[in-house]
Amino acid sequence: MRIDFHGSPRPTLGVEWEFALVDKTTRDLQNSAADLFAAVAPEPGGSSKVHKELLRNTVEVVTGVCDTVAEAMADLRETLSVVLPAADALGVDLFGAGTHPFASWSAQQLTEGHRYEELINRTQWWGRQMLIWGVHVHVGLPEQARVMPVLSSLLNQYPHIQALSASSPVWAGTDTGYASNRALMFQQLPTAGLPFQFEHWSEFEAFAHDQLTTGVIDELTEIRWDIRPAPPIGTIENRVADGVSTVEEMAALTALMHCLVVDLDTRLAAGEELPVMPPWHVQENKWRAARYGLDAIIILDADSNERLITDDLDDLLERLTPVARRLDCEDELRSVAEIPRRGASYQRQRAVAAETGGDLVAVVDSVVNELRTSL
């Protein structure tokens, strides 16, 4: 089958930020999304920047097409300035993390719609378990032929994004021992997880054809890879990151993802052969980043060299600085280094739990307050 990638002439940005809705008093999840949508509905003919997701406890705040990280963050702030007061009026707060520390999946309600019903019908127990939230960052690419090589090489930096954003250490009241339990939960869905490392667009077309022919998917958006092409809008969509609790960290992570894609595409266009790793190294790096977060020792290359992720991050940020300067996000990229110094969200959540004798309500409080403070 033919799939046309409608290339973007500029390396544009689009950000999708998922939030859980939590009760202001109990801090448990609330199935209030429909009421929130009604409260912030745009004027007739207008376009909403607040979208529904699988469960009624979730809202997604999205940007328009942006050229810079600063523009995307301003867009998100503007939408949140409307959403937060509406949520206050409903007695709920926005919670930005990869998982909720104590909510029960059995109490959650499914959003109406055939697509969601079919997902649960197909995936059953694993689908109903999906109390997870993340961040998706789209970056525009100009040429179809460069999409798959860029995507495959981008997997070398998968663990950096996962470790920096990891925010899901606690599940159903228990510390899992993982920095990102979400990463391993989500890959249980049949079309989720790491992408195949195709070299050519025709391989992706053949894969999609097989998936549609055998009924694995009904449409391309049901390919739920951690990093995937978005052909209709001409982007690579990076879905690696856990939920994020502050605008500052969102800006930092968005800058990193923007710079990584543009750097790889620029090098490929100049004739460079991009570095890739065997799938078994990519898979192991995902697990190490999910398990150990910023303490992970990751595999760097096809020769099996290894390094502490934070040491490698310092060099990566240095290498990307000229790219960030061109994209007008040098300050935001520099702030990526603040995450290990301050502690990633999974570390901050564990610190609150330790300080309060394991009070998971206090953990939810801390995540909610981080968003409020950042605005």
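Strand β5 (residues 135–140) and β11 run antiparallel and are joined by four bridges. Strands here are DSSP runs of E of at least two residues, numbered from the N terminus, and two strands pair if DSSP finds at least two bridges between them. The model is predicted, with local features requiring pLDDT of at least 70 and side-chain atom pairs counted only at pLDDT 80 or more, while totals for chains, interfaces and linings use all residues. Residues are numbered from 1 along each chain as its sequence is written, and side-chain values use heavy atoms, with hydrogens and water left out.

Four residues separate β10 from β11 in a hairpin, and Gly234 in its turn has a positive phi of about 70°.

In a regular strand, side chains alternate between the two faces of the sheet. Strand β11 (residues 235–238) is covered on both faces, with Thr235 and Glu237 buried on one side and Ile236 and Asn238 buried on the other. Buried denotes under 20% relative accessible area, exposed over 50% and partly exposed in between, computed with a 1.4 Å probe on protein chains only.

The structure contains zero disulfides, a disulfide being a pair of cysteine sulfur atoms within 2.5 Å. Cys259 is in no disulfide, and the nearest cysteine sulfur, that of Cys329, is 3.6 Å away. Cys259 counts as buried because its relative accessibility is 0%. Cys329 is likewise buried, with a relative accessible area of 0%.
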